[in-house]
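Me: Please take a close look at one ligand site in this model and describe what surrounds it. I would like the cut-offs stated along with the values.

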Amino acid sequence: MPITFRQVGPTLGAEVEGIDISKPLSKADAAAVHAGMDKYAVLVFREQKINDDQQLAFTQSLGDIEHAIGTSLRSDNDRLPTSFADVSNLDKDNKPFARDDRRRLFAIGNRLWHSDSSFKVVPAKYSLLHARSIPSKGGNTEFADMKAAYDALDEETKAQVEDLVCEHSQMFSRSKLGFVDFTDEERARFKPVLQRLVRTHPSGRKSLYLSSHAGTIIGWPVPEAKAFLMDLTEAATQREFVYTHKWRVGDLVMWDNRQTMHRARAFPAHEPRDVRRTTLMGDAPTVAQQAA
Ligand code: OGA
Ligand code: MN
């Protein structure tokens, strides 16, 4: 069957047909998927009845896995191996977390616009999220096009942001929601890393590298930096740049973190939402040197 892409969002997002993701991809099919990602930034594969091993094998046929080690608060009691980021609201017994469970509250950080692993020195390339169960309402995922957002900036702002470098940490994103009770061990683990504010995608286009994890701009007073990043985020996430994914069980959605931001939307706390993410490692840091 030929591979087809049908655009579903305003400037990003396409539904893919003609690919069976229950098996590792051939080289030719993998090349077609990468080309589709370069063009659409978000790809949707509907009705994929796959298990963890199949999701992992499909992901690995596109590149090297980024492991979820030390990035969430789950590590004491993992439901999934580190080849997966457990984005569900479930504990090890597949029961929804209590409303005030610290792991749930930390994960609510995903409701802020972000790019995956921007808090790592080498941030993530693609994320692949598969829906095993979904709540009765809510729980959409929204994606914003950071290339279109960059292009829409006026020339003065483009010049202003060109060489700016930000500090990113999960402590910055969580503290925006009033989650601030980090242990000393977590403070050390979540130490900020540096990321450029403008990055150039291998396709040649520039994008704004924004994320809820960005907490300040090197050389700027903190309140001014935070206000500026909030303004940029507001401009970059206007509806004209956003594709909203309404989940069905079996959907696999793959996005390019280098050219998009995304956020989860709220859903009833007591209902299970089992979504599992595999992630592809990025190629390199976005800045030449990290601060000492
Ligand atoms: C993620 C994420 C959003 C969602 O998997 O990285 O942010 O809707 N998910 O679950
Ligand atoms: Mn995410």
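Reply: His262 places a polar side-chain atom 3.0 Å from an oxygen atom of ligand 1, a polar contact being a pair of N or O atoms within 3.5 Å. For Asp116, an N or O atom of the side chain is also 3.0 Å from an oxygen atom of ligand 1, and for Arg273 the distance from a polar side-chain atom to a ligand oxygen is 2.8 Å. Ligand 1 on its own exposes 290 Å², of which the protein buries 99% (Shrake-Rupley method, 1.4 Å probe).

The model is predicted: local features need pLDDT of at least 70 and side-chain atom pairs pLDDT 80 or more, while totals for chains, interfaces and linings use all residues. Residues are numbered from 1 along each chain, chains are lettered from A and ligands numbered from 1 in the order written, and side-chain values use heavy atoms, without hydrogens and water.

Residues around ligand 1 include Val87, Asn110, Leu129, Thr141, Trp255, Ala264 and Arg277, where near means a heavy atom within 4 Å.

His114 is buried at 3% relative accessible area, and Asp116 is buried at 3% (buried is under 20%, exposed over 50%, partly exposed in between, with a 1.4 Å probe and protein chains only).

Technical notes: A polar contact is a pair of N or O atoms within 3.5 Å; within protein, one must be able to donate a hydrogen and the other to accept it, and residues adjacent in sequence count only if both atoms are side-chain atoms.
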